[in-house]
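Here is a short briefing on one protein model. Keep the sequence and the 3D view open as you read.

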Amino acid sequence: MSRALQPDEELVELDAAAVRTWCVRALDALGREREEIDAINVYPVADGDTGTNLYLTAEAAHEAVEAVFAASAPDAAEAVRAMAHGALLGARGNSGTILAQLLRGMAAVLAAGRDGDHLARALAEASAAARRAVAHPVEGTVLTVAAAAADGCAGGGTLAEVAARAHEGAREALAATPGQLDVLGRAGVVDAGGRGLVAVLGALVETVTGRAPDHAGDASGRVRDGAGDTSRRVRGGAEDASGVRGGAGAVGGAGHVHVPTAPGGVRLLGDVRAVPTAHDETCDGEAGPAYEVIYLLEAEDAAVELLRARLDALGDSLVVVGGDGLWNVHVHVDDAGAAVEAGVEAGRPHRIRVTHFAAAAAAAARAGAGRGERAQRAVVAVVPGEGLAGLCAEAGATTVRSRPGEPPAGDELVEAIRRAHAREVVLLPNDTELRQTAAAAAERARAEGIRVALIPTRAAVQGIAALAVHEPDRRFDEDVVAMTAAAGATRYAELAVAERQSFTSAGVCQAGDVLGLIEGDVAVIGADLTETARTVLDRMLSAGGELVTLVVADDTPPGLAADLERHVRRGYLAVDTTTYHAGAGAPPLLIGVE
């Protein structure tokens with residue numbers, strides 16, 4: 001973090017520490033405004049997560065910057081490139097994808113210089129890059145706001161002057177968006193993606209001046225003296241106010257890859273993960289495409305140009321951002337398989353996500369018709385492995401699968417809360433990395449009238465402990481307190497295999513070493529899974545314990561659980577042991593000590 005600026009002191013140059021501070025403040029600003037941005041989101045389709053997607057994209061950028069600071073003392077160019085690259089990898093939705101391209105455009109200029117003149121040129125390049133990334137730009141969107149920010153600071157100046165003029169230009173353009181896009185005027189709201197960009201630029205002003213900008217804007221996002229019905233407060237609005245054309249349906253065709261359907265409306269294709277989500281019609285009343293398809297793509301520039309043309313013919317809301325061999329592709333289509341197939345032909349797509357817009361609405365309608373009245377209370381738990389999912393389901397929980405390196409998105413958590421079909425829901429994320437995502441999902445569910453309590457469980461064994469004491473007949477607050485206490489009383493550990501040489505809190509590990517992590521920190525480095533597990537157990541039980549929970553995966557060596565149970569019986573007579581099978585996709589061993 002950069003040092004605090006003194007009164008009337010302003011930064012002359014955007015150094016690495018300032019980039020880091022900007023990331024933190026932008027994330028904080030989007031976190032504060034996330035719910036309101038979600039609420040005013042009315043273009044082009046209705047899934048109400050622009051604020052959440054912007055927040056998650058900014059979070060990915062922040063984490064990338066923190067990672068380079070943890071590894072070394074980066075210079076400004078490295079920090080700003082990390083910010084842009086992190087946003088590219090973690091971009092969510094149309095809005096996040098365009099924010100990633102804005103940051104990438106800025107990084108290309110700021111890598112060469114960080115004074116006011118360079119910042120002005122960086123904002124101009126950011127605006128141009130984002131507009132080029134969108135197949136069919138529309139005015140009255142974040143693209144218009146970005147262009148106004150660049151125009152507002154054209155000519156350069158000091159760093160503080162340029163940042164302030166850019167923010168003011170963006171704010172004024174945002175206020176004018178209802179007069180440029182009919183759907184915004186009818187709803188009486190400003191553009192949601194543009195409002196997010198104003199928040200990011202406001203964080204930049206605060207970073208370089210030490211003062212939050214004045215006139216932060218209408219906190220509700222509603223138009224007070226312009227077009228539209230100012231009495232309406234849109235809650236279901238669309239992701240995303242991105243400057244992307246909505247409307248036209250996609251073209252299907254023979255010979256395309258067909259996406260098979262798994263239980264629960266989830267569609268799978270290779271490493272595709274498909275998430276059903278609520279979806280209204282597009283705001284102009286025309287039905288839009290059925291699917292949102294997003295993937296990272298490793299491909300050459302020439303192949304990407306052909307991909308743009310093919311995807312543009314398939315659907316709408318097309319945004320392709322990135323460069324230097326790595327791209328983030330976003331499109332709305334009716335034939336999801338064809339969109340993925342196009343990526344396969346262009347290069348190597350991965351982190352593929354297919355969202356079926358109408359599935360949740362249809363599922364909710366069927367559930368409502370079939371089950372009638374909502375249950376009073378339910379538990380939603382994120383779990384690794386099919387075995388644990390089955391175990392938790394038997395205990396009455398609605399489960400969300402977490403795959404290695406691919407945690408569930410906020411949309412999946414919200415959909416699971418809806419699927420639980422209850423007035424009150426206890427959410428168990430079971431992962432420290434899911435804390436913010438789970439919090440955002442809980443807020444979205446609350447906006448739909450569901451009472452949600454988030455218990456910050458950090459591991460699956462803590463979730464199992466919480467679920468074990470869950471009593472739906474108890475008062476909600478009492479149940480949450482009991483579950484929280486059970487989770488908090490459970491210390492947790494995990495065994496993993498090192499993929500490469502690395503420095504850890506227990507020393508240097510080599511590729512192939514077995515790592516014993518206790519409470520998230522590497523405590524033991526060993527060569528053998530069983531011996532390392534025993535050492536981890538001994539360290540945990542040295543502080544006491546009454547119950548050991550072992551969770552093993554399909555690929556865990558046979559006999560490991562039985563060996564550890566014997567080890568506990570021999571050395572700790574008063575301690576009981578329970579073993580669960582997580583199935584495929586879980587870590588080799590999870591340990592809980594209560």
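At 57% relative accessibility, Glu 345 counts as exposed. Exposed means over 50% relative accessible area, buried means under 20%, and partly exposed lies in between (1.4 Å probe, protein chains only). This is a predicted model: local features need pLDDT of at least 70, side-chain atom pairs count only at pLDDT 80 or more, and totals for chains, interfaces and linings use all residues. Residues are numbered from 1 along each chain as its sequence is written, and side-chain values use heavy atoms, with hydrogens and water left out.

**Salt bridges**

- The structure holds 27 salt bridges. Each is a side-chain nitrogen of Lys or Arg within 4 Å of a carboxyl oxygen of Asp or Glu.
- Glu 345 forms one with Arg 310, and their closest N and O atoms are 2.4 Å apart. The pair links distant parts of the chain, 35 residues apart: Arg 310 is in helix α10 and Glu 345 in helix α11 (residues 336-346).
- Helices (H or I, at least four residues) and strands (E, at least two) are DSSP runs, numbered from the N terminus.
- Arg 310 is partly exposed, at 26% relative accessible area.
- Arg 211 and Glu 10 also meet in a salt bridge (3.5 Å, N to O). Arg 211 lies in the loop between α9 and β1 (273-276) and Glu 10 in the segment before α1 (16-39), so the pair ties together parts 201 residues apart in sequence.
- Arg 446 pairs with Glu 443, with the closest N and O atoms 2.5 Å apart. Both lie in helix α15 (residues 435-447), three residues apart, about one turn of the helix.
- An α-helix has 3.6 residues a turn, so residues three or four places apart point the same way.
- A network of salt bridges links several residues, including Arg 377, Glu 424 and Arg 451.

**Helix α5**

- Helix α5 (residues 116-133) has 18 residues and reaches 26 Å from its first C-alpha to its last. That is close to the 26 Å expected at 1.5 Å a residue, where the expected span is 1.5 Å times one less than the number of residues.
- Its buried residues include Gly 116, His 118 and Leu 119.
- The buried residues of α5 pack against several elements, among them α4 (93-110), α10 (301-314) and β3 (315-323). Contact means heavy atoms within 4.5 Å.

**Strands β3 and β4**

- β3 is mostly covered: nine of its nine residues are buried.
- Seven bridges join β3 to strand β4 (residues 326-333), and the two run antiparallel. Two strands pair if DSSP finds at least two bridges between them.
- Val 319 stands opposite His 330 in β4.
- The hairpin of β3 and β4 has two residues between the strands, and there Asp 324 takes a positive phi near 55°.
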